[in-house]
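Thanks for coming, everyone. Let me put the sequence and the structure up, and then I'll walk you through them.

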Amino acid sequence: ARPASAGERGHHVRQRAAGSRPDLYSPWLIVTINFISLTFFFSSAGFLSTAAPMFGGTVWGLGPEAIGLAMASGTAIRLFTSLGGAAISDRYGRRFVLVPALLILGLGALSFNLVSSYPLYVMAIAFSGLGRLGNSVPIILLADILPPGKVARFIGLNRFIGDFGFIAGPLLVGWLIDVSGYGAVTMAVAGFLWLAALLAITVVREPSRQPAPSQPSDIPAA
């Protein structure tokens, strides 16, 4: 076999130093990423799609048109932030997007306790929409770190866990509203999201975003 050139050896060393998939993959990291996906889906279906419109109708007596307009504002912001979040994470890193997104969603849930008018209600929903910046990041992070041969099955598992949160969220949030009211729901959802943010800070690792030094060439200079 042909011996590896100096350039090839240097390229492989830089790959290992930056963090290759086998270096980053671990069961605890997979569990953490799946939990983060669960919180995104849970908060989306349980709070933004269930508690927020119920809050507008039962607490403020808003009609369908007013609630629909407020929800549309959040959806419009979510559309742009979801698209932008992936691009920003490509440039600055996954956690750079993931942690602020989870913190914003938690603050968005708590902001409903300060709503005292319809404009503030719209602002609370719109602000929560900013947190959807991190929607696609867990899947991207899995693709970053999973070794070949495990990508499809673990991404499928992640989607299953996310869908479970999408189903369980409205059930659990609705039950908690009946038992303890909206204040308890906002604190529970915020705590759930901020726990995910803490895990993202302490557990999640990702490949380095630092550009590799230029690769030495084996072609002699002219």
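Of the 222 residues in the protein chain, 42% are buried. Keep in mind that this is a predicted model. The chain exposes about 11,700 Å², and carbon and sulfur atoms supply 70% of that area.

What is the chain built from? Nine helices and zero strands. Reading along the sequence, you get α-α-α-α-α-α-α-α-α. Residues 24 or more positions apart account for 85% of them.

Next, the aromatic rings. How many aromatic pairs does the structure hold? Ten. Let's take Phe55 and Phe112. Their ring centres are 5.7 Å apart and their planes stand at 90 degrees, so this pair is edge-to-face. Where do the two residues sit? Phe55 is in helix α3, which covers residues 27–58. Phe112 is in the loop between α5 (94–111) and α6 (118–130). The pair therefore ties together parts that lie 57 residues apart in sequence.

Are these two buried or exposed? Phe55 has 9% relative accessibility, so it counts as buried. Phe112 is buried as well, with a relative accessible area of 3%.

Phe55 has another partner, Tyr121. This aromatic pair is stacked, with 6.3 Å from centre to centre and 25 degrees between the planes. Phe55 belongs to helix α3 and Tyr121 to helix α6, so here the pair ties together parts 66 residues apart in sequence. And Tyr121? At 0% relative accessibility, Tyr121 counts as buried.

Now step back from the pairs. Phe47, Phe55, Phe112, Tyr118, Tyr121 and Tyr182 form one aromatic cluster. So much for the rings.

The largest pocket has a volume of about 160 Å³. Which residues line the largest pocket? Find these on the screen: Ser44, Leu48, Ser49, Met71, Gly74, Thr75, Arg78, Ile125, Ser128, Gly129 and Arg132. Three helices, α3, α4 (64–92) and α6, each supply at least two residues of that lining. Which of them gives the most? That is α4, with four residues. By class, the pocket lining has three nonpolar, six polar and two charged residues.

The structure holds one cavity of 30 Å³ or more. About 50 Å³ of space lies in the largest cavity. Its lining is Ser43, Phe47, Leu48, Leu105, Gly108, Ala109, Ser128, Arg132, Val189 and Leu193. Here α3, α5 and α9 (182–202) each supply at least two lining residues. By class, the cavity lining divides into six nonpolar, three polar and one charged.

Let me link those parts. Leu48, Ser128 and Arg132 are among the residues lining the largest pocket, and they are also among those lining the largest cavity. Phe47, one of the cavity-lining residues, is also part of the aromatic cluster. Helix α3 supplies at least two residues to the pocket lining and at least two to the cavity lining. Helix α3 also carries Phe55, the partner of Phe112 and of Tyr121.

To recap: nine helices and zero strands, ten aromatic pairs, a largest pocket of about 160 Å³ and a largest cavity of about 50 Å³. Over to you for questions.

How values were computed:
Residues numbered from 1 in each chain as written. Predicted model: local features only at pLDDT ≥ 70, side-chain atom pairs only at ≥ 80, totals over all residues. Heavy atoms only, no water. Phe/Tyr/Trp six-rings, centres within 6.5 Å; stacked < 30°, edge-to-face > 60°. Buried < 20%, exposed > 50% of the residue type's maximum accessible area, 1.4 Å probe, protein only. 1 Å grid on protein atoms, 1.4 Å probe; cavity = no way out; pocket = protein on both sides within 12 Å on 5 of 7 lines; lining within 4 Å. Points joined across faces, edges and corners; volume = space filled by probe spheres on them. Nonpolar A, V, L, I, M, F, W, Y, C, P; charged D, E, K, R; others polar. Contact = heavy atoms within 4.5 Å. Areas by Shrake-Rupley, 256 points an atom, 1.4 Å probe, with all protein chains shown as cover.
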